[in-house]
Amino acid sequence: MSTIAQQGAAEHRMPRDHFLNAAYTIKSWLLTMDHKRVGLLYLISITFFFLIGGTFASLIRLELATPEADLMEADQYNVAFSMHGIVMIFFFLIPSIPAVFGNFIMPLMIGAKDVAFPKLNLMSWYLFIFGGTFGVLTTLLGGVDTGWTFYTPFSSTYSNSNVILAGMAAFIAGFSSILTGLNFMVTIHKMRAPGITWFKMPLFVWGMYATSLIMVLGTPVIAITLALMMVERGLHIGIFDPALGGDPVLFQHLFWFYSHPAVYIMILPGMGVISEVIAAFSRKRIFGYEFIAMSSVSIAVLGFFVWGHHLFVSGQSIYAGMVFSFITMLVAVPSAIKVFNWMATIYRGSVSYDAPMLYALGFIGLFSVGGLTGVFLAIMGLDIHMHDTYFVVAHFHYVMVGGAVTAFMAALHFWWPKISGRMYPEGWSRLAAFLIFAGFNLTFFPQFIVGYLGMPRRYHVYPEEWQLLNIMSSAGATILAAAFIVPAIYLAWSLKNGKISGPNPWRATGLEWILSSPPPEHNFPTTPIVEEEPYDYGEVIDNPVHEEEHEKEREHA
Amino acid sequence: MSVSTEAAAHGHDEHAAHPEYMRHQFDDMDQQNDAASLGMWLFLLTEVMFFGGFFLGYSIYRSEYYESFVIGSQNLDVFLGGLNTVALITSSVTMAFAVRAAQLGKKNHVLIFLVLTLVLGLVFMVNKYIEYSHKLHDGLIPGYNFLWTGLGDGQTIQLFYGFYFCMTGTHGLHVLIGLVLIVWLLIRVWQDKFTTEYYAPIENFGLYWHFVDLVWIFLFPLLYLIGGLAV
Amino acid sequence: MTEHAEHDHQADGGHHAEGGHGDHHGPHIATSANYLTIFTALLVLTALTVWAATLEMGFLNTPVAMFIASVKAILVILYFMHLKFSPGQTKLAAAAAIFWLLILLIITFFDYIGRTWQDNPAGW
Ligand code: HEM
Ligand SMILES: [Cu+2]
């Protein structure tokens, strides 16, 4: 397996001035108006939350290694999976790619000096941290036990845990997400450099646009839902409590009106990343550009019509259920379009297997499994059997970890040289990618089986005959945990010791790659003018190490 | 890839020519104003969805507990509600005039109209305060002390008041925030911060203020006029 | 307030992709008469809603009230908020707000109306 990293023999020097060495004070970070620094602030914050969420995951898998309750009681176990879900979804996965790479890379891709509202951007981060503080506080005070879904009336009436604190955490983080989405939409509409028309934008930018659309349209609804839930918990006026005349299904409608689209907040950015990576490492123009771009938008829009597939067994009207079931299956179409186009791009490409590409290939497979099992679940009759079993757990982990987190890792490895100016050790990075893939499958594939056999989710004990499958899962989780530590180490190591990458180690197209690595503090001295199509890899194949690149370097050195 | 990093050929290349109110990330005032306006509209879009959750909950329970909602509604003061409607609509028009004056560069008119808007907004808040304190006095604040002595099902009438307070409360909060922003705008106008080229803050605040008016336009009939008025 | 006689709106347009710059013209400045007309209409419509509420129209009361409110809203949006004179993307944002609000309301209502095991809603 050849890689691009092996071919790049040229020696590079670090640029003299870049955004990282522009200033070193704490203040220059905490009050920064630079989208690149804001992106890095997010990177640090979400890594922290990933650790917390991961710790809870480890506790869950540890408990489930045996059928009995040996590590935790039911109550503690409820806290463990609730905190795991809340932290991972609201504080890691939703901000992950948009807030880190959307912030860092997207403005560069469209040739902008910054996002449209840099102050607002920084404020989003502070809101995120403020919400995160509530999240940490919740954890320290004993956690919350409602599940990440906060279903009423348990959350509003019966739970004895820190529901309000956890609700506030998600509520506040929601505003961070709204403002980021708004900022990105305006940026993409208004800040594109001349020549970058809508259909010349890199597909990552399309992904960010579709994601922002959902953030802006959906997130306010979860905010109001959580607010109503908290009012109900405080006052008991019967908004969601059936004992007082309220309707808990209404809560579910409101909750999933946001939270189903929110799963696309998690996956659409990932799909954008994969499009970039696949094209760069196949050295081919992306196949079906318009289809990929449009499928992002149609996923975002269609995603708002399907939330009822979470309510099939909640007492929702069966007629509504039938319609939701049908539309849900439709959503799989644009997702499949993307997969086919990626395959067609790889086909007859000159493929190299650097770490980002390994993750991207993993993504395609794992996301396909996740998406297809989603279609199973969308079938009403089947879902009556599978709902709230481990089959659902496996489904959404295939899309969220196998899909979104894998894409995050792809993005991290793809743009790391751009961010830090250094390469990471190649062998290690590829090893980690393999380990993550293997560990992931070992963790979650058995859950499909055990779920199909009927093991319900959210219980800390289970019948003995399911132990083997659960042990496999826990073993996989151990590998997975270890596999995530490897990149953390070598990426940190590379900051000082990595080979200097030069502006464009992957010889990729796109405006971000013509800048020095790390990019200068002020992105483009003058607004660039772009003439060609995106993913213009045509010439690059014939002429692997070519003049043009060196010219660019001299320009920017 | 051959990307020219030449400056885009446009109007003023001289960086020195940029006025202080132009932010560095923009190329010219046109771009900045467009971005601000789009940003404001998108913000209002999120506000629509935010209130949408209330409206949904309200409509569902209203159709389910219609009788109780009628009883609850008939206990509200239509006169005060109507007065507030007029106050907000009038403040909307004074705000529109304030923006117009800003467009024309008439500082004094901007000040006058903003003050008028401020006063009308205050009238609204005072009215709300009167209404709320009546409800407090009658024990109609939802929660543990809710007290319903009249006809009908107290539990679901409480639900009506729950929505009444949530919706008008959130709306009132928006008015309050608006009032603070008007004061801030007044100071900025006073300090000559705006020109006929740069008055986007006034204009975008205007959009916000009209939106607050819009919400009330729906809240008034939904909350105060259910099931007809007895005359 | 500093007066800028005329600024070069058109002069430097069109450099940002096709991003809605081409058809740019200066800000729309409405006439006072226009605002006053709308204002009067809004007051009349407010009076109309209150009056309509006193009529016995059965199930029609709410639709009528909502219709009048919508007309008022449209007037405010088109004229006070200048949507009528705004660029396409602004109109799109406004349309999206209404569209998504309707998704939320209508689709949820589908469920409630279609629940065969519950009584139909008592009223409007
Ligand atoms: C190809 C499109 C997809 C389809 C057809 C689909 C379908 C479904 C269905 C029907 C359920 C409900 C299962 C149940 O609770 O009984 C479900 C649950 C879930 N899906 Fe998907 N899904 C798709 C893609 C995704 C993606 C891309 C993500 C996230 C990135 C995702 C995340 C989730 C989550 C988190 C849940 C469970 C939520 C919970 O109950 O805690 N899905 N999916
Ligand atoms: Cu879903």
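**Reading the terms in a predicted model**

Me: Which element gives the most to the shell around ligand 1?

Reply: α14(A) gives the most, with seven residues. The model is a predicted one.

Me: Which other elements give two or more residues to that shell, and which residues are closest?

Reply: The shell holds 25 residues, and the closest are Val263(A), Gly371(A), Gly374(A), His387(A) and Phe396(A). Besides α14 (390-420), the elements of chain A giving two or more residues are α9 (248-282), α11 (318-346), α12 (355-378) and α13 (380-386).

Me: How does the shell around ligand 1 divide by class?

Reply: There are 14 nonpolar, 10 polar and one charged residues in the shell around ligand 1.

Me: What makes α3(A) roughly antiparallel to α16(A)?

Reply: Helix α3 (residues 35-63) and helix α16 (residues 467-497), both of chain A, pack at an angle of about 155 degrees, with axes 9 Å apart. Angles over 145 degrees count as roughly antiparallel, so α3(A) is roughly antiparallel to α16(A). The crossing of these two helices is left-handed.

Me: Which residues of α3(A) and α16(A) make the contact?

Reply: From α3(A) come Gly54(A), Ala57(A), Ser58(A), Arg61(A) and Leu62(A), and from α16(A) come Ser473(A), Ser474(A), Ala477(A) and Ala481(A). The contact divides into four nonpolar, four polar and one charged residues. Arg counts as charged, so Arg61(A) is the charged residue of this contact.

Me: Which residues meet where α8(A) and α1(B) come together?

Reply: On α8(A) they are Val216(A), Leu217(A), Pro220(A), Val221(A), Ala223(A), Ile224(A), Thr225(A) and Leu228(A). On α1(B) they are Leu42(B), Leu45(B), Thr46(B), Met49(B), Phe50(B), Gly52(B), Gly53(B), Phe54(B) and Gly57(B). By class, the contact has 12 nonpolar, five polar and no charged residues.

Me: How many residues of chain B are in contact with chain A?

Reply: In chain B, 37 residues are in contact with 44 residues of chain A. On the chain B side, α1 (29-64) and α5 (154-190) each supply at least two residues. α1(B) gives the most to that side, with 17 residues. That side of chain B has 18 nonpolar, 16 polar and three charged residues.

Me: How do you know whether Val99(B) is buried or exposed?

Reply: Val99(B), in helix α3 (residues 78-104) of chain B, has 28 other C-beta atoms within 10 Å. A residue is buried at 20 or more, so Val99(B) is buried.

Me: What is Val99(B) in contact with, leaving aside its neighbours within four places in sequence?

Reply: Val99(B) is then in contact with Ile202(B), Glu203(B) and Gly206(B). The C-alpha atoms of Val99(B) and Asn204(B) are separated by 9.1 Å, though these residues are 105 apart along the chain.

Me: What pattern does chain C follow along the sequence?

Reply: Chain C follows α-α-α, with three helices and zero strands. Of its 124 residues, 27% count as buried.

Note on methods. Residues are numbered from 1 along each chain as its sequence is written. Chains are lettered from A and ligands numbered from 1 in the order in which they are written. This is a predicted model: local features need pLDDT of at least 70, side-chain atom pairs count only at pLDDT 80 or more; totals for chains, interfaces and linings use all residues. A residue is near a molecule or strand if its C-beta atom, placed from the backbone, lies within 6 Å of it. Helices (H or I, at least four residues) and strands (E, at least two) are DSSP runs, numbered from the N terminus. Two residues are in contact if their C-beta atoms, placed from the backbone, lie within 7 Å. Axes are lines fitted to C-alpha atoms, for helices over the stretch in contact, and angles run from 0 to 180 degrees between N-to-C directions. Angles under 35 degrees count as roughly parallel, over 145 as roughly antiparallel, 65 to 115 as roughly perpendicular and the rest as oblique. A crossing is left-handed if the near helix is turned anticlockwise from the far one by less than a right angle, and right-handed if clockwise. A residue is buried if 20 or more other C-beta atoms lie within 10 Å of its own, exposed if 12 or fewer, and partly exposed in between; C-beta atoms are placed from the backbone.
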